[in-house]
Structures are given as C-alpha cells and as structure tokens.
Amino acid sequence: MFRAGPVWVVSPADLVDVVECPHRSVLHQARAAHQEGAPTPQIVDPLAGEAREELVEAELRRLRALFGGDAVATVAPPRPVLDEVHVAAQATREAIRDRVPVIHHGVVVAPIQPGVLLFGQVDFLIATTVDPETGACREGVPAGYEPWQAVGHATPRTIVELAACATMLADTLPQAPEFLHVRSENGHHALRVSDYVPLVGVAQDRLIRRLAAPPELPSPVWGEPCPACETCGFATWCAQGRARDRHVSLVAGIRGDQIVKLQAVGITTIDALARAGEEQRPPLLARRTYTRLREQAALQVRQDATRTADNPTGRVFATVYAEDGLVLLPAPSAGDVVFTVATTPVGDDGELAFLWGAYLPSEERHCVWWAHDRAEERVAFAAFVDFVSGQLRADGEAHLYCYTPQGASRLAAFAASLGVREAEVDDLLRQRRCVDLSDVVKKSVRVSQRSYALSALEPLYLGDDAQRWGGGEPQPDGYAAYRRACRAGDSRQAQAVQEALAAQVRRECVSVARLRDWLEKLRVDHGIVARPAPPETVGVDPGQQEQAAARRAAVEERIRSLTEALAGPAAGEGRGEDQDAWDVLSALLGYYRREEAPLWWDFFRRLSAPVEELEADADCVVPLWVRAHAWVPPQGRQRKAARHVEVGADPRRLHPFGVGDQVRLLYPGVAGQGAEAVPATVVEAAADRLVVVEKADVGAEHDRQPLAVLPGAPVRSTPKDEALWEVAERVAAALPRPPQMAGVDLLRRVPPRLRGGGALPDPGDFGGDTVAAVLAAVDALDDSYLAVQGPPGAGKTYLAARLITHLVGRGLRVGVCATSHQAIENVLRAAVRAAAEAGVGVPCAKRPSGVSPDRRVPWEQPRQVRDLVQWCHRQEGGYLVGGTAWNFTHPQMRGLGVDVLLIDEAGQFALADAVAVSAAARSLVLLGDPQQLPHVVQGVHAAGADRSALEHVVGDADIIDPAYGYFLAHTRRMHPGVCTVVSHLAYQGRLSAHPDAALRGLAGVEAGVYRKVVAHQGRSTHSPEEVRAVVEVVAQLVGREWCEPGRPPRPLQGSDIMVVAPFNVQVRALRAALAEAGLEAVRVGTVDRFQGQEAPVVVCSMTVSSAREAPRGMEFVLSRNRLTVALSRAQAVAVVVCAPSLVESAARTMAELRALAGFAHVWAQARDWPDPAPG
C-alpha cells in the first residue's frame, strides 16, 4: 500500500491483510500516510522469501525452455510509484494484445473506488491457448490468460491474492479467467476463479471502509493476538505493546472469546483479572474457567513483580492445584523412552515429519531418524516405532513420554496416514504406554509463565544444566535452511544445519526427561502415592488377553502379506496404471481397525476419567440423582436378574441416548483397581431423565449407584473386514491383471464396463429421460458399477424405485444397502409402492431394525441373517432384499449374492464398505450426492481411504464426470430463487428447478435466499441475539398464505418452518424461545437431523460471531456440505441469520478457505431480510 497524492494504491496483499488482521491494515495505512510513530514491519521469514524467488526462477527457466525465450515476455516490476505501476500495466496489456504465450511478472490494475486503485503482480500470466506442461497449442479454446503462482505450498493468502488478480484481468480480457493456478511442491492446482471471487468482494468492501477513515495510528497502537500474528511483520511491535500495557491476553492459555467476555465486564488487564472477585465473573464464562484464569493471572503477576533489567524472566513459580494429572504419572523405569518429532509444512495443509528423536534417560543415549520425502518419512517412522517397541518389550514397566498436546493421537495419525506400524502404535495406545506430560501438567500444575511451552517450564527443572545439553535456541526455519543449502549444492552448510537440528531435537528430549523427573518429585513432595491402574485391570478380562493378542497377530500377518502383494513402486516407470487403486486398497485393509481404535480409546479413557471431565463430555450423562429399583429374579427363559435404574439428567445439556441404545453404567472400582463399566439398555429417554435396564448373574446383584452413563462398547466391524480382505485376496491372486469385479472397477475408478463395450447410454437418446438411460445402463453392466449423483429433490428415490421394479421384473435378485435402516426402508417402501402402481409384485424382505419386527411394514422380516438367506432361497424369481453392510458381508450372504446391489446415500457410504459389500454382488449402483452431509470418519487414514464410495468416483469435482455415471440436473423441491444459490454453491450452476417448483410461493415474501444480519461478538455455541432474530422471522411468517402446485392455498403452520443451528446449545435455546412465543410446532435441530426432509421455509442460525469463536473450527460451521443441506431443505424461502463479522473471517487452511468461500457466495447472492408486508 502506498499513497500517490489523493489516490490510495493498494495490492491484493492489502485485501488479505484487512481480513486476516484489521489492526495490521491500520498500521500499513498509517505508515503509507507517513504518520509519525508508525512502525516499520519486520521481515518475518527471509529464507522463505528467498526460497520462493528460487521457485519462480526455476519455473521461468522451465517455461523459457518449453516455449523459447521470445515466447516469454518479462515485465519490469514497478517500484511503489504510481507512474511506474501504470507503465508496467501498459506493458502487460501490450503483451496480452500481442498474444505472447507467457508473461512473467504481469501487472494488472483496476480502480475499485474513486481514489482507490488496486494493482497486482503475478508470477506468470499464461495464455489459455497453450499447454504450459507440454508447450503444445490447444485447439478450440477461447483466447485468454490465467494467473499462475509458484510457491512452496498453497495457502489461503496465495489463493485470495490470485483471485483478486483474476478479477482485474477480467476487466482487461474479452474472456474472463476461468481458473487460477498454483504450482507448488505438491504439484499443480487449478482452482475455479468463481469459487473465490466473493471473498475478494468482501475484502474490497472492508478495505474501502478502512481507507475512508483518517490514516492515523490506532489507540492502543498494538493489536490483540490472533492466528495471523505468526506471519505478521508487526507481531513483535504488538507483543511489546501488550506486555507494556499489561493486556489480559498475557494470561497463559486464555482464548480470544474469553478475552471478549472479560472485557465486557471491564477486566482488560492481567492485574485487574488477578484482583477480580467472583462478583465480577462474566455471566457467560463458566465459574470453573473463571477461577482458573484468575489463579493463573495472580501467579503471573507474582512472577512479574520479580522481573528486573538484569533478570527479565524473574523467578518462576509453580503450584500444584490438583492431583488429577500427577496420579497419571507411571513409576519411572529403566527402559523409559522420551521422544519428539520435528515437522515442516508440505503441500496444502500437510506436513512432513522430517526428524524423529528418541532419548533413553537411564543410558543418556539419543537416536534420530531423518526423512526428506514421503517415502523416507515412512521408513523413518517405522524405524522409530520399531526402536520404541523393542525398548518397551524388553521392559514391561517402561513407558514412552512426550510433551505434545494429543501426542498419542499424533502417533496414531502418522501410522495411519503413512500406512505403517499401525498395529504396534495401536498396542502402545491400548496398553497406555504413551504418556503426554503436557496433559499431566495441565491437570495438576499452574506455572507463572505466560506460556506453557516446554521452554517456558525449563527454569523450574533444568536450571544450570541447560548449557550442558546445548542445542541453542529453536530454529523454526531450520529445515528450510537445510533444503536451501541442498538445492544450492552446499553440502557443508547442509550438514551444519542438519547437525544443529539434531542437537535441537536432542535437547528437547532431555528437557522432557527432566520435566518427568521434576513432576515425580512433585508427587513425593505432595504425598501422592496413587499410580494409574494397569491397563488389564480396566475393563479387560486378563484371561482373554492371550487369545485377543493371537487374533490381532493373525490379522496383522494377513494385512501385511496382502499389503506386500499389492505394493508397487512409489513413482517411476515401473508403476502400473492401476497402482493408485492398489495403494488405496492397501490403505483400506486396516480401515476398520483405524475406525474402531479411537472409539475404544475413548471407551477406556472414560473409565479412568475424573467425574468433572465426564460432566463436560457431550456423549456422557453424570446423574443429578439416581433411583435404583429392586432386582427382579430371572423369569421364563431369562437367566439373569434385572433392575431398572433411573438417572436424572441436566435438561440444559442434550444427551445422545435414545430408547434401545446400549450403554454402560460406570461404577467405581475397589481400591487399587480401575472403574467398572456394566452393560445396560435404555428403555426410556427424556431430556431430564433416563431409565435403563441392568442385568446381573444370580448372586451378583448389588446396591451400588452409577457414577455416570457412558456410551456402549463400540460396534465391531466383523464381518465387513473379512469381506474386504476377501476382495483384496482376489485382486492379489489375479495381478498383474485385475479381476472383473464391480468393487474392483470402483476402486480403479474406470468408466463402467458394459456388455459389448462402449460408453454409457446418453439420456438424449431417450428423449432427455435420464431415468430411462440409467435403466438401460444397469441392464448393460458387465459385473461393474454405475454412479448416479442426485441433488436434493432431483428424484433419486423415484429413480431407485423404478430401477428396482424394472430389475425384479426381469427376474433379477436386487439388494438395497445404506448407512442407516431408515434410508434402506425408505427405498424399500418406494419400490413396493412403485411396483403396486405398475401392477406387479416385488417379493421383499429385510431384517427388523429394532428388537422386534414392525408389523406395519410391507415386507417380510426374518430375524437372523440365516433366516434372510433361507427366505431368498425360497423365492422362485426376482426379489428385493434390504440390509446394512453387516448383513451383505455376512458369509452366508456373500455365498448367496445378488445380481444388482443398490447403495443408497453413497455419498456417506464408506469406500471400504462399498468394496466389502461388492463381494456379495455382481453389479453395484451408487445413488447419492457427495455434496450433501460428508462421510464421517473416526480414525485417520491414508489419502483416498477416508472417502465415501461416491466421493471416490466424483473425485475433487462438484459434478460427476458423464463417463462414470449420471447427474440428475432438475430439482422439484427448490424454487428457482433458492435453487440458483444452491446450484452455484455446490453444483457449478448446473442444477435447475423444475417449472412446477416456481409455482410455490409465500404471500408477501418473494421466494429466494435472504440474510438477516445480527451484530454480536464473542459468541461461540450460543447467540441470544440470533435466537431473538429467529423468533422474529418465524413470527413474521407463520399464518401467511402458502401456495404450492396441485393444492389449495393454506396458512403457513409452525411445522412448515425448519430452523437449523450448528450446535446443540443453540438448538435448545431456539426451542425454548420458540415455545415461549407459542411457536413450539417449529422444527428445530442440527442439519444432521434434517437430511432427506423439506419445508416451505428454512431459517439457519449460524450462531458464532466469527471463525475465531468457532469451537469446532470454521470448516465445520461454514462447511459447504452442511450449508448445502441446510439451504436445500427450503422449498421457497431460506433465511440465513448471522453476524456480519462471520463472512469477514480469515481462513488459516485451504479447507477453511473453501468453506469460507462458499459462505461468501451465499452472502453475496442473498438479499437483506425485509420487514415483510402483511400476508
């Protein structure tokens, strides 16, 4: 940013600045206006800048070699002088006019407001008429240019800046750029400009408002901490200002939303917080949290009083405030291992673990394992785990220590993503051999430092010994320096940096070991004798351990042998065309184990968790009261005694339990033993009360009262895993030629194989009837698959019913599978109804979803799989059978098989499940929409293994490729005013409304998407401001005349309105407020509850004030999938209630940027909510 007379000249970087940190933007403006005292930003990472220059130069050399020197025009970069900017822009326009294939350092300018000129400079502008990979000409492509940037890895800043340049190019070119391009170390990324243009508009509006204000230094001159501080040149300036003014952000561990709440009651400094009493507690800040922050502040003030010029740190104090963490510390053992890992950003939102370090305190021995790429990372991690496993096997009492939040989970994530040593890491976690000392500190110790980073704790336990271990100060850019030295061929410098990094890791390991010793001393000083219970005493029968270990070993050997059989080269000429598919299949081999593991970890964690932790666990109920009934002796065929247990629940906290759920009652264990979890079944469930039935052997009855109600034990994946391994074994046996199987074709992501060959039937050959084309395609399938993407209201269930009727009429055996019984039964009902309308019969069966059969359903209900198989054998012609993946992967069902298996909701159906059930089917038909609620995974998986079946087929696109299946392009649900917004949000503008949908309407309110802006700050899971706004909107709409085709007009009822919120706390508040207003019939819930439903009106309460306050991150709150589902429930009117600051949030990752861009699109397309005229 600079000023030329009355004109502000700004860049795309200034657009990003005003969003990332408004304070940074104010300082830049003050500096550009030459305000006295304006600070000069520091260079944050000079090595990163030099590395990027090298990447640009390397790309320039490549392009010159590809096209020839004359085909690349270089524009001289202008200085911050307006005339030079215009000269560079003119040179760029001339190169465009001359159709030069590549323009290096192209400059584009555009006025965005009188007195404000936006100018941008991109690494390369490349003509769309040439291929920048091969240099070949592209025939039939509209002439134009698209921006390219060369970076180490793509970031939100890079994308927004390029999008801004693309919008300026649109004013220069006859053909606006369709894509922007990023060439990074992770490859080439082409992103649609239209996806990100709304973010540019939001940033421009903010910057224009900023520039309209006088250019002066802010008061205070420093800004509050935010994520952007990490890459900000003013970070030191602001940090010094906060320390000088004693800002409350100095309190260790305080969050941004907590700062806002404290400031609202006048607590703005650390000293004020230290002195504050209970009467000053903000109403929305929990008492426990407030007490912790006050005590932390008081301890820090105490240390601050000891700081001097000679000793700026002062004396560091520590207090033990609870025993909860220290009792988790195992007894020291000779085989104990300490570890740390150093990582560096790689790709988009990824990281490379380039250095693993392990330290044996008893021997003062240190080991390191290096990695320079993904292949070496896998080898290094395996070697590290082998070393640790060997040490722990040799010493059964030894443990692995670290000081990393969620350190154990990170180990599991590395094992899963790298696909190596998963069983060994699972054993480490299952046996609780990994101890995170940061968790121990957090639960027991308060320290007077401003941070709980390991280096901040070292004065307490390392003292003068720090010099012995060396290592110097941490070097966050050390790996970048190493890579730079390697690229430059400076082996001596590379070795020096490598040695410094190893020393740094060694020092950190020693520090963690000394911290462990210090914590052990604290235990002694405070008389703490309890130790964590051995894993075998917590919910596991020791007599079964040996058998379980043998089973795990057999499974691991089976997976290992299959992985070796499927393995191929990581890259190069020897890598076959299907190796990507076999790599995914290898990753799927351990999918079910990885999915189960976190659930079991949580299960065992809860057994030893303090009651206070269970109170905060949304999946548990800590009773307000307990009423245990008398035990009833066994009756009839029952062999166990039973009793009813009633527990009171806090109605303000929604619990997850429903009638029929299997739960566990937590009882305290005897002295020295772990807690006991007893199975029970929920028989009554209300917001404030649960009734469960508990059973016990005769003679083992007791009169204990449970401490908590926990989720039941995780559901085992068997026999799905067996079916998946069977498919993998068939693949391995057939290699190098893949077997002809539907699941294998799906894995290989090849176009569906048809009898006689050829492409899929074109709907145009059937008069535009996509249903007829799908029926013809399925008839022609040759042991392959077909995918159909059906957006909301596009007739997916209608198609499924017609397809089933058609196939059964041909005498084929048809199966229906989905993630839920409800989805399966919806398809079965539609199929039975369609068959009745066609005057044909469809024999149909499905096991009951509950304990007993539902007599109201129009199909047979065999109780067991064997009974279902027998029913199938009795049918003389075609039939329809429904079931979950567990049913279709049962050995008897695999032996029977079906001709065609329809997988409904395939956008949420795991790829692993699809491959597994394919063992029971000749052909697969995938029905669903990956743009709806995303496929949910519990574990961490290698790339590709975490996708749903339909996500695997569609890939990163929004719309399925016609070569792989069909897109149902017309919705009968959404009015065109709603459909247009949803279509551009999720379907590249290709979804259109059926003409009948345009006939829907609500008197006095034009159909479409609206935004109701409600100002608020610091809101996370509950916004009373939005609650009031939602009630106001609903009250304005109820009673208005609602019209839809084929039905007489009627008044809009409360049940015609759907209110969606992202958090259960907001859902409860909305329900209560609507009920108080006499609107209790309004449907209220999270979006997960409403998939598959519709309503004339949908009101979305976004709840959070900004991404900073989002407890589950921006990617959850602004998820494109969740937003698409919410808006697409609306038949005529959708109202988004939100704070204006939400759309002005800053994305930190590429995933967050995509989510924010989607919301910005809705924001830009939505109209402001009016005060509707009387209906």
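Q: How many bridges join strand β32 to strand β38, and do they run parallel or antiparallel?
A: This is a predicted model. In it, β32 (residues 1008–1013) and β38 (residues 1130–1138) run parallel and are joined by six bridges.

Q: Which residue in β38 does Val1009 stand opposite?
A: Val1009 has Ala1134 opposite it in β38.

Q: What is the strand order in the open sheet with β32 and β38?
A: The order is β36-β35-β37-β38-β32-β39, six strands with parallel pairing.

Q: Which strands stand at the edges of that sheet?
A: Those are β36 (1083–1085) and β39 (1167–1168). Each has a single partner strand, so one side of each has no neighbour in the sheet.

Q: Moving to β19. What does β19 form with β20?
A: A hairpin, with two residues between the two strands. β19 (residues 676–686) is given as one partner of β18, and β20 covers residues 689–696. β19 and β20 run antiparallel, with six bridges between them.

Q: Which residue is the bridge partner of Ala685 in β20?
A: Leu690.

Q: And how do β18 and β19 run, parallel or antiparallel?
A: Antiparallel, with six bridges joining β18 (residues 662–667) to β19. Within that pairing, Leu665 has Val678 of β19 as its bridge partner.

Q: Change of topic, domains. Where are the bounds?
A: The chain is divided into domain 1 (2–212), domain 2 (249–315), domain 3 (324–526), domain 4 (609–711), domain 5 (740–968) and domain 6 (976–1168).

Q: What separates the centres of domain 1 and domain 3?
A: 41 Å, taken over C-alpha atoms. Eleven residues of domain 1 contact eight residues of domain 3.

Q: What area do domain 1 and domain 3 bury between them?
A: About 920 Å², with 45% of it on carbon and sulfur atoms. On the domain 1 side, Leu47, Glu54 and His153 lose the most area to domain 3, together 48% of what that side buries.

Q: Which helix gives the largest share of the domain 1 side?
A: Helix α3 (residues 46–67), with four residues.

Q: How many residues on that side are nonpolar, polar and charged?
A: Three are nonpolar, four polar and four charged, on the side of domain 1 that touches domain 3.

Conventions. Residues numbered from 1 in each chain as written. Predicted model: local features only at pLDDT ≥ 70, side-chain atom pairs only at ≥ 80, totals over all residues. Heavy atoms only, no water. Domains from an automatic or database assignment. Contact = heavy atoms within 4.5 Å. Buried area = accessible area lost by both parts, 1.4 Å probe. Nonpolar A, V, L, I, M, F, W, Y, C, P; charged D, E, K, R; others polar. Pairing = 2+ DSSP bridges.
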